[in-house]
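Let's take a walk through a protein model together. Keep the picture open while you read, and look up each part as it comes along.

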Amino acid sequence: MISIIAAREWRVLFASPLAWGVLAMAQGGLAWIFVTLVADFQALQGQLAGLDSAPGVTDLVVAPLFQAAAWVLLLLTPLLTMRLFSEERRAHTFELLLSAPVSASAIVLGKYLGVLAFLLLAIALVAAMPLTLALGTTLDQGKLLAGLLGLCLLIAAIAAAGLYLSLLTRQPALAAVATFGLLLLLWLADIAGARSDLAGRLLGYLAPLRHYEALLRGLFDSADVAYYLLFITLFLGLAVRRLDDLRLRD
Amino acid sequence: MNAPPTVLQVDNLSRRFGALHAVESVSFSLQRGQVLGWLGPNGAGKSTTLRMLAGVLAPDAGRIVINGADLFDQPRPARQALGYLPEPPPLYRELRVEEQLWFSARLHGLSRTASRRAVADTLARCGLEAVQRRLIGHLSRGYQQRVGIAQTLLHDPPLLLLDEPTTGLDPLQVAELHQLIRELGRDHGVIFSTHRLADVRAVCTHVQIMRDGRLVYAGALAELERGDLTTALRVGFETSPPLTALAALPGVIAVEPLGRGRFRLRHAAGANLARMLVEQAVAAGWGLCELIPEGADLEQRCIELLLGTEEAS
């Protein structure tokens, strides 16, 4: 049941120019950044050769690329999640799902996995760029995988939040704005997290970006992974409750 | 012979929106082989009731049992047993007709093989084979409506809920839809709401009339047509007879002068007024020149019920 809903979501994403546009923008922008990073690295290579334990290509190209990819994808994810539910309600197609013998959690999970598969495809395309470096040099695979995992988790978390917010309104644009608002809040929490007092540490812990940065440095801490999984579970759980509520009220 | 199985049992269904009582203690049941036409003005609560029956909107009170399964205690088998067509039809504009039907079939728990067969059968049954590869967003309103109906039939539910299925169809399509509903009515329970009395007359075995969230009439169509109706005769004379003479005819309830020697005589159903009138007219030399029976007036009866000039039966 979940896979059927996810497959339809995937199919409809590719039927709209929006998804193609998002893929093209992410890929085009990040390719530009990637080329610049590689050029910078080549220019620096002579100086790096003289240093002991100099940062390698993974630190100087892959990590900054993933950092940029996180920003680009964070800005694009709300555009994809905004229509998940609000579009169905606006187009009056929601009744088909609501009247079908399908549980609310299957609907939420189906939609989530559909859009997540798309986002993972975007990430895979981005990750393919630094992988081409492996043809000419050796990459730090641990750091690469930790960074990739972090990127997937970060985007998956924001997609879950975007999905929940799209259940709250009939207007896709409003859902996108709400998701951007949430991103802004989380970003502010990240900034406040730079302070060293208790409030600062607490806010910093709540910010998804902090946990991503640790993974980018190659620090794999199961607490960071658990944080993202909790974040995703929280918003998907809220979405299931909200959907049950819609079936009852509206 | 056994009584036909009950596909829908509704007890004391109520729903409010704030202070508005959209639906108030509606109870009825539907058997297989019945086609129930649901009449009422806009805002009478027809769509709200259908939404509750489809499990899309929860009632404040009441019980809904579909094909033996309680919609709230056993939602899955109950939902499995119903096909719901809201207005407008829930179709994804970006999908092709066959994709939409495939999705809907799979969503209702049909296996891949069963879905393939159900989609092919339904495309043929609803005359959609020519457009199966077209995008739904590019189809005309009539075809979209047909896809919507096809979608409700895929998993062969015993209960069909159609909310104003004839909206936006041209007369030919309406006639085809009537034919389809009549066919379905043989082995399904069908409820459909409409504004058009012609729909009810064409396909329904039973009628319910709703006003201000209450059922004001429920019964077989034949009963409504027969009922305790008054019927009327329109007559015209060359020499206008006195009103009292017309009113004195046996069975006449009221006489309405229409001017220029024409009258409308309301009389009880079943009284053979025409013969008596002709005999009387010849005997008295009134010069009868017009005699038009106005018949058992279903329209009139419905309007009376809707305006509340009669209490609910």
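Predicted model: local features only at pLDDT ≥ 70, side-chain atom pairs only at ≥ 80, totals over all residues.

Residues are numbered from 1 along each chain as its sequence is written, while chains are lettered from A and ligands numbered from 1 in the order in which they are written.

Let's start with chain B. Its secondary structure comes to 11 helices and 14 strands; both are DSSP runs numbered from the N terminus, helices being H or I with at least four residues and strands being E with at least two. Chain B is split into domain 1 (6-226) and domain 2 (230-295), with bounds that come from an automatic or database domain assignment. Between the C-alpha centres of these two domains of chain B there are 45 Å.

How is the chain packed? Of the 313 residues in chain B, 40% count as buried. A residue is called buried if 20 or more other C-beta atoms lie within 10 Å of its own, exposed if 12 or fewer, and partly exposed in between, with C-beta atoms placed from the backbone. Now take contacts, meaning residue pairs whose C-beta atoms, placed from the backbone, lie within 7 Å. Among those in chain B between residues at least 6 apart in sequence, 68% join residues at least 24 apart.

Next, find strand 1 (residues 6-17) of chain B. Which strands does it pair with? Strands pair if DSSP finds at least two bridges between them. Strand 1 of chain B runs antiparallel to strand 2 (residues 20-31) of chain B, over eight bridges, and B:Thr6 sits opposite B:Gln31 there. Two residues lie between the strands of this hairpin, where B:Gly18 takes a positive phi near 65°. Strand 1 of chain B also pairs in the antiparallel sense with strand 4 (residues 61-66) of chain B, over five bridges; here B:Ser14 stands opposite B:Ala61.

B:Asn12 has a positive phi of about 45° although it is not a glycine. Is B:Asn12 buried or exposed? With 12 C-beta neighbours inside 10 Å, B:Asn12 counts as exposed.

Now for the inside. A nonpolar core is a set of buried Ala, Val, Leu, Ile, Met, Phe, Trp, Tyr and Cys residues joined through C-beta atoms within 7 Å. The largest one has 144 residues, and A:Ala157, A:Ala159, A:Ala160 and B:Leu161 have the most contacts inside it. Helix 7 (residues 141-166) of chain A gives the largest share of this core, 16 residues. Leaving out residues up to four places away in sequence, A:Ala157 touches A:Pro208, A:Tyr228, A:Phe231 and A:Ile232. Another core, of nine residues, lies apart from the largest one and includes B:Leu246 and B:Trp286.

Where do the chains meet? In total, 18 residues of chain A are in contact with 21 residues of chain B. On the chain A side, helix 1 (2-15), helix 5 (94-99) and helix 11 (222-248) each supply at least two residues.

Last stop: the loop between strand 6 (82-85) and helix 3 (97-107) of chain B, where B:Pro88 lies. The peptide bond from B:Glu87 to B:Pro88 is cis, with omega near -5°.

How values were computed
Contact = placed C-beta atoms within 7 Å.
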